[in-house]
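Student: Could we go through this chain together, starting with the overall make-up and then moving on to single residues?
Tutor: Gladly; here is what we will be looking at.

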Amino acid sequence: MTLRVRRSVSLCLLALLLSSCGKDDAPKQGGPGGRGGGGPVPVVVETVREQPWTDALRALGTVHAREAVTVTAKVSETVQQVHFESGQQVARGAPLVTLSGQQQQAALASAEAALKEAEQLYQRQDQLAKQQLIARASLDAQRATRDAARAQVAQIRANLSDRVIRAPFAGVLGIRQVSPGALVTPGTAVATLDDIARVYVDFPVPETELGDVGPGQALTGHVSTYGERSFDGTVSAVSARLDAVSRAATVRGDFPNPDGALKPGMLVEVTLARGTRQALVVPEIAVQQIGSETFVWRVKGDATVEKVPVVVGGRVPGKVMLKDGVAAGDRIVTEGVGKVQAGAKVAEGANASAPAAAK
């Protein structure tokens, strides 16, 4: 074989090889997963139906004392004596601070002496009037003088009582704000006083959940400070007004607090157990959320799927309660949701997530 012939044969073989490689690498159309005619997607479908549903409403609340006040002075005077320490438990009416009142004491002594004299003179004139030795008008004038003296004594005693600052109710005092010798004026804070034998916890409840909340319902509170410890209480009131911005009402819980563990201002996670009711419940895996959109895939009569926006009303592990978007009897995809798209045909299987059997 000549050299020219050998070259011709080699060129022919190379052309055949390139031609066969191009055919193997060309994209295949019409396969099972291609766009030209893909088969139905295997999924698991479940019919939506009403089921007994029990869940709990959770919210964050703030602790408030049952009674709370900032104790202040009523008059301008110098502090003579302080009768309490910071954080002390006091009874109702207990003296907290005594202010200097020497001027009022002197005025009281003078007024009491004048009252005593007026009383004695009135008694003498009353005897004379009974004997018709003086005019009745003189007795009436002396009675008025006596009554004025009584009023003067009462007024001075009231001024003196303002110089002893007392606890308006039983509770725990806060940090002491005054010391002996300090000059106080009306409105000067002496200390805070809180009744925390029982406390209130106020928490917001959305408008859509208010139908399940009412006085007397049981509450459970948890505070991060105390770990797993729980506090039991009850709903005492529901606000008659809703916040115009948040569309939520304030619910007040009443919690016994005998050891004072719950302090005003604490953040409490409140759990309100609601009764069992019938609701549309679906597996949690069937509900998808992308951004602000929450939806399920509903299977239509022609075995195609459509995206349906839904409103979630509550969650428990593995289950979701839907308030809107689907109805009893609808068929939705519960497994294989990640493989479908709007308009795709589906084929119902036993378990879409199970691996295919080996052939």
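Tutor: A word on terms before we start: helices (H or I, at least four residues) and strands (E, at least two) are DSSP runs, numbered from the N terminus. This is a predicted model, in which local features need pLDDT of at least 70 and side-chain atom pairs count only at pLDDT 80 or more, while totals for chains, interfaces and linings use all residues. Residues are numbered from 1 along each chain as its sequence is written, and side-chain values use heavy atoms, with hydrogens and water left out.

Student: Okay, how many helices and strands are in the chain?
Tutor: The chain has three helices and 22 strands.

Student: And what share of the residues is buried?
Tutor: Of the 359 residues in the chain, 34% are buried, where buried means under 20% relative accessible area, exposed means over 50%, and partly exposed lies in between (1.4 Å probe, protein chains only). The chain exposes about 21700 Å², with carbon and sulfur atoms supplying 53% of that area; accessible areas come from the Shrake-Rupley method with a 1.4 Å probe, and for residues only the protein chains shown count as cover.

Student: Let's get specific. Where is Val320, and is it buried or exposed?
Tutor: Val320 sits in strand S20, and it counts as buried because its relative accessibility is 0%. Leaving out residues up to four places away in sequence, Val320 touches Trp53, Leu280, Val281, Val282, Glu284, Val287, Val312, Gly314 and Arg315. Its C-alpha atom is separated by 9.9 Å from that of Ala279, 41 residues apart along the chain.

Student: Why does Asp330 count as buried, then?
Tutor: Asp330 counts as buried because its relative accessible area is 18%. Its side chain makes a polar contact with the side chain of Arg298 at 3.1 Å; a polar contact is a pair of N or O atoms within 3.5 Å, where within protein one must be able to donate a hydrogen and the other to accept it, and residues adjacent in sequence count only if both atoms are side-chain atoms. Apart from neighbours within four places in sequence, Asp330 is in contact with Glu46, Thr47, Val48 and Arg298.

Student: Switching topic: what lines the second largest pocket?
Tutor: Its lining consists of Val69, Thr70, Val71, Thr72, Lys74, Ser161, Asp162, Val164, Ile165, Arg166 and Pro168. The elements giving two or more residues to that lining are strand S3 (56-72) and strand S7 (164-166), and the largest share, four residues, comes from S3.

Student: How do you define a pocket, and what volume does this one have?
Tutor: On a 1 Å grid over the protein atoms alone, a pocket is an open set of points where a 1.4 Å probe fits, with protein on both sides within 12 Å along at least five of seven lines, and lining residues have an atom within 4 Å of a point. The volume of the second largest pocket is about 160 Å³, where grid points are joined across faces, edges and corners and a volume is the space filled by probe spheres set on the points.

Student: Which residues does Ala94 contact?
Tutor: Setting aside neighbours within four places in sequence, Ala94 is in contact with Ile165, Arg166 and Ala167. Ala94 lies in the loop between strand S5 (89-90) and strand S6 (95-99), and it counts as buried because its relative accessibility is 19%.

Student: Last one: which residue has phi near 60°?
Tutor: That is Gln132, where the value is positive in a residue other than glycine. Gln132 lies in the loop between helix H2 (102-130) and helix H3 (136-161), and it is exposed, with a relative accessible area of 71%. Ala303 also has a positive phi, about 70°, although it is not a glycine; it is partly exposed, with a relative accessible area of 27%.

Key. Contact means heavy atoms within 4.5 Å.
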